[in-house]
Amino acid sequence: YLLKDSAASVAYLVPLLLRLKSNLDHKALVVDDSDMVRNHVSNLLEKQNLTVYEASDGNEALQIIEDNPDISLVITDNDMPEKDGITMTREIRREHSRNKMAVLGLSGSNDSTMTAQFLKAGANDFLYKPFNQEEFNCRIHHILNMKDTSDKLYRMANQDALTGLWNRRYFFTHSCCQSESQQRNIAMIDIDFFKKVNDTYGHDGGDAVLITLSKIIDAHFPEAIVARFGGEEFCIKHCGNYQTFIATLELVRQRIESITVPYLEQNIEVTISIGATTGLEDIDELLKIADDNLYSAKQNGRNQLVK
Ligand code: GH3
Ligand code: MG
Ligand code: MG
Ligand code: MG
């Protein structure tokens with residue numbers, strides 16, 4: 001095969017081999033009420049290095065997805081006893097985006113609208129059964145590449161490259177509340193005398209501090225949106241009890257005060273100042289108040305929270 005058209009073959013094989021390697025990180029779920037089809041599809045996927053789960057009905061599949069939310073590819077039949085594949089796809093899309101969980105519809109039905117129905121329900125692609133094996137492999141390869149690329153683009157657009165926290169864009173375009181009218185808690189955090197950290201330990205030392213502090217802040221607020229706004233400034237958007245929010249912020253402040261960040265055999269000590277507020281006002285308004293409070297925290301001597 002390589003000898004016949006080596007340039008084209010290499011161009012085809014290299015991405016395929018890379019794909020096979022990265023498939024090791026992918027979990028797939030095969031949903032079909034026919035044991036024969038399920039085994040056949042599972043075998044094809046296992047040959048492509050994917051870890052495979054199986055279900056014989058839409059409801060059973062949704063349960064497996066709930067237990068394994070990191071499944072990245074679902075291959076599903078439509079006609080099944082309890083819940084059909086199109087309904088199941090629609091339900092998957094309420095919780096999992098096309099970037100995170102790809103769906104490939106399969107159907108042996110002779111209804112020519114099947115492709116459109118699956119795509120409208122949120123499937124990434126569709127194939128009629130029986131399918132050609134080579135086409136099936138190419139589609140899987142293509143779906144996973146597309147999914148991984150859009151996921152990467154999404155992360156590049158919404159996450160901070162140094163710390164992995166959300167960025168400013170994500171902070172302003174995503175809500176942490178069930179409803180827009182719910183009261184929101186906001187905090188702005190700024191590292192004290194950070195310029196001095198950079199001057200003393202160099203920019204890489206400063207970066208090490210940013211990474212460590214980001215992890216500490218993020219770990220304390222699993223249900224909030226924690227973002228790096230640029231420089232050494234972090235913002236938290238949270239919905240829930242304000243007293244709990246303040247208590248957690250105070251915990252974070254104390255934790256950061258008590259630890260040192262190891263860097264090249266040295267230990268860097270830093271503190272943070274926090275401005276917090278809560279209310280029904282829009283985000284810009286709340287941020288302005290939090291920023292004023294942060295300014296007061298700095299004026300009052302830093303390493304403290306003003307609410
Ligand atoms: P204050 O207590 O008043 O906040 O003092 P400060 O020195 O922290 O104040 P300032 O906001 O003026 O300094 C922020 C510094 O953060 C300036 C800039 O060089 C540095 N900085 C911004 N982004 C980065 C980064 O990504 N990495 C590193 N290492 N430093 C950064
Ligand atoms: Mg069926
Ligand atoms: Mg600062
Ligand atoms: Mg600053």
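## A helix pair, an open sheet and a ligand shell

Helix H3 passes helix H4 in a right-handed crossing, a term for a near helix turned clockwise from the far one by less than a right angle. Welcome to this predicted model, in which local features need pLDDT of at least 70, side-chain atom pairs count only at pLDDT 80 or more, and totals for chains, interfaces and linings use all residues. Residues are numbered from 1 along each chain as its sequence is written, while chains are lettered from A and ligands numbered from 1 in the order in which they are written. Helices (H or I, at least four residues) and strands (E, at least two) are DSSP runs, numbered from the N terminus.

**The helix pair**

- H3 (residues 58-67) and H4 (residues 85-95) pack at about 25 degrees with axes 9 Å apart; axes are lines fitted to C-alpha atoms, for helices over the stretch in contact, and angles run from 0 to 180 degrees between N-to-C directions.
- That angle makes H3 roughly parallel to H4, the word used for angles under 35 degrees.
- On the H3 side the contact (C-beta atoms, placed from the backbone, within 7 Å) is made by Gly58, Ala61, Leu62 and Ile65, and on the H4 side by Gly85, Thr87, Met88, Glu91 and Ile92.
- These contact residues divide into 5 nonpolar, 3 polar and 1 charged; Ala, Val, Leu, Ile, Met, Phe, Trp, Tyr, Cys and Pro count as nonpolar, Asp, Glu, Lys and Arg as charged, and the others, Gly among them, as polar.

**The sheet**

- Here 5 strands form an open sheet with mixed pairing, in the order S7-S8-S6-S11-S12; two strands pair if DSSP finds at least two bridges between them.
- The edge strands, each pairing on one side only, are S7 (225-230) and S12 (305-306).
- S6 and S8 (residues 233-238) pair in the antiparallel sense over 6 bridges, and Ile189 has Phe234 of S8 as its bridge partner.
- S7 and S8 also pair in the antiparallel sense, over 5 bridges, with Gly230 opposite Glu233 in S8.
- The S7-S8 hairpin has 2 residues between its strands, and Gly231 in the turn has a positive phi of about 50 degrees.
- Helix H10 (residues 283-299) lies across S6, S11 (272-279) and S12, running at about 145 degrees to S11.

**Around ligand 1**

- Ligand 1 is surrounded by 16 residues (C-beta atom, placed from the backbone, within 6 Å of it), the closest being Asp192, Phe194, Lys195, Gly206 and Gly231.
- Strand S6 (184-191) and helix H8 (194-220) are the elements that give two or more residues to this shell, and H8 gives the most, with 7 residues.
- By class, the shell has 5 nonpolar, 4 polar and 7 charged residues.

Key: Parallel < 35°, antiparallel > 145°, perpendicular 65-115°, else oblique. Contact = placed C-beta atoms within 7 Å.
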